[in-house]
Amino acid sequence: MTQTLPALSVSDRVAHVQRNTAETQIAVRINLDGTGRANLSTGIGFFDHMLDQIARHGLIDLDVQAKGDLHIDGHHTVEDVGITLGQAFAQAVGDKKGLRRYGHAYVPLDEALSRVVVDFSGRPGLHMRVPFKSGMVGGFDTQLAFEFFQGFVNHAGVTLHIDNLHGENAHHQAETVFKAFARALRMALERDQRMGDVIPSTKGSL
């Protein structure tokens, strides 16, 4: 899963954020205008797999290096990666001029289907309805998906709605959620040429 990320241009929407606590040490590097390359190491294999979906389907170059207290459980690591990734998005997205702002996606995987809608509103809010059919997928506690997205929305300043509409396999449920999240991000983060240099809000700020 480790790949060499390309050199960054000063014109790219990029960010590098570090978060160090007594529980975790996390470094996140993103390029919102990337090609979907990822370099991921969180110590939780399935979580790395889900982060890879964000990179690949969002066309975001993503580097996440995390060391956490996994001898306890994955909670602090997953939550703090969400927080740090949210901080990086808030930094990289800038003043949001010309941003499409809204994004949505439906993604299926066999019997599972999920819908994700995102708004780069500047206001954190999360609705998540995912009735996971299993408590664990590999070494990943499915309850922590909520903690990841809560940390992300609180620090990215986005409104996020996540609904798993169908699903019998927890791996499929999680994968459709993360893929749909990535696709919704990709749509919302696109620059709208018709919008020009205008902030997409009647308030004049986001």
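Student: What average pLDDT does the protein chain have, and how many of the residues score at least 70?

Tutor: The average is 94, and 95% of the residues score at least 70. pLDDT is the predictor's confidence in each residue, from 0 to 100. Over residues 6–10 the pLDDT is below 50. That stretch has six contacts beyond near neighbours in sequence, a contact being heavy atoms within 4.5 Å. This is a predicted model, where local features need pLDDT of at least 70, side-chain atom pairs count only at pLDDT 80 or more, and totals for chains, interfaces and linings use all residues. Residues are numbered from 1 along each chain as its sequence is written, and side-chain values use heavy atoms, with hydrogens and water left out.

Student: Why is helix 1 called roughly parallel to helix 4?

Tutor: Helix 1 (residues 45–58) and helix 4 (residues 170–189) pack at about 30 degrees, with axes 7 Å apart. Axes are lines fitted to C-alpha atoms, for helices over the stretch in contact, and angles run from 0 to 180 degrees between N-to-C directions. Angles under 35 degrees count as roughly parallel, over 145 as roughly antiparallel, 65 to 115 as roughly perpendicular and the rest as oblique. So helix 1 is roughly parallel to helix 4.

Student: What is the hand of the crossing of helix 1 and helix 4?

Tutor: It is right-handed. That word applies if the near helix is turned clockwise from the far one by less than a right angle; anticlockwise is left-handed.

Student: What makes up the contact of helix 1 with helix 4?

Tutor: Its residues divide into eight nonpolar, five polar and four charged. Ala, Val, Leu, Ile, Met, Phe, Trp, Tyr, Cys and Pro count as nonpolar, Asp, Glu, Lys and Arg as charged, and the others, Gly among them, as polar. Phe-46 and Met-50 are among those in helix 1, and Phe-178 and Leu-185 among those in helix 4.

Student: How do you know that strand 5 and strand 6 pair?

Tutor: Two strands pair if DSSP finds at least two bridges between them. Strand 5 (residues 102–109) and strand 6 (residues 112–119) have eight, in the antiparallel sense. Strands are DSSP runs of E, at least two residues; helices are runs of H or I, at least four; both are numbered from the N terminus. Ala-105 stands opposite Val-116 in strand 6. Strand 6 is also joined to strand 10 (residues 159–166), antiparallel, by seven bridges.
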